[in-house]
Amino acid sequence: MTVTALLAQAAGWRLLSALLERPRDGWRKEILALARETADGELAACARRIAEDASEGAYLAVLGPGGAASPREVAYRPDSDPAAILAQLHALYQAFAYRPAAEDPPDHIAVELGFAGFLVLKRAFAEQCDDAASATLVAEGLALFRAEHLDAFAAALAERLRASDSYLRPLSAPLAAWLNTRDRQSEAERSRM
């Protein structure tokens with residue numbers, strides 16, 4: 001994958017992450033800037049629509065305590081120890097020097113999507129530096145993270161958003177498509193390694 005394609009992919013991951021953060025000062029401006037950077041036209045259009053409709057109250061009604069959908073991975077894994085999940089995430093974040101700026105807990109959908117984008121950005125940097133070993137390590141880290149944490153949880157959340165009548169409902173289809181498309185790309189890349 002080219003560095004340019006990786007940068008566009010990183011922007012898409014970050015856009016998904018930002019759309020699932022609580023709206024704050026400067027949030028709309030960030031959403032619109034990221035929408036211009038992604039190569040995914042459907043996601044960009046969805047982002048522009050959500051940026052117009054979002055508010056802190058609407059966010060809390062969907063992803064806040066008692067909202068329509070939990071934004072936390074631990075809520076989707078009732079047979080797992082929440083402390084173990086959080087420890088695994090902390091270890092992964094630490095291993096790749098990821099320090100989320102978000103106010104959310106480590107297993108929040110916005111933080112996990114942000115980590116995916118961060119890893120793609122690290123891979124783009126490694127590719128630009130012709131550091132194949134680091135690029136492979138980061139790609140493998142992303143594949144492991146997605147398999148063990150992000151994918152099933154994000155897909156379940158996308159389904160809950162689809163069933164809601166919230167301002168985030170339009171995001172359900174691009175989020176699910178993004179996860180599915182990136183899965184096929186990851187599988188194709190792993191088969192070439």
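A salt bridge is taken here as a side-chain nitrogen of Lys or Arg within 4 Å of a carboxyl oxygen of Asp or Glu. The model is predicted, so local features need pLDDT of at least 70 and side-chain atom pairs count only at pLDDT 80 or more, while totals for chains, interfaces and linings use all residues. Residues are numbered from 1 along each chain as its sequence is written, and side-chain values use heavy atoms, with hydrogens and water left out.

Across the whole structure, a search finds 11 salt bridges.

Select glutamate 30 and arginine 14 first. Their salt bridge has its closest N and O atoms 2.5 Å apart. The pair links distant parts of the chain, 16 residues apart: glutamate 30 is in helix 2 (residues 27-37) and arginine 14 in helix 1 (residues 3-19). Helices are DSSP runs (H or I, at least four residues), numbered from the N terminus. Glutamate 30 is partly exposed, at 23% relative accessibility; here buried means under 20% relative accessible area, exposed over 50%, and partly exposed in between (1.4 Å probe, protein chains only). Arginine 14 is also partly exposed, at 25%.

Next, select glutamate 103 and arginine 22, whose side chains meet in a salt bridge of 2.7 Å, N to O. Glutamate 103 lies in the loop between helix 5 (82-95) and helix 6 (109-128), and arginine 22, 81 residues apart from it, in the loop between helix 1 and helix 2. Glutamate 103 is exposed, at 56% relative accessibility, whereas arginine 22 is partly exposed, at 21%.

How values were computed
Helices (H or I, at least four residues) and strands (E, at least two) are DSSP runs, numbered from the N terminus.
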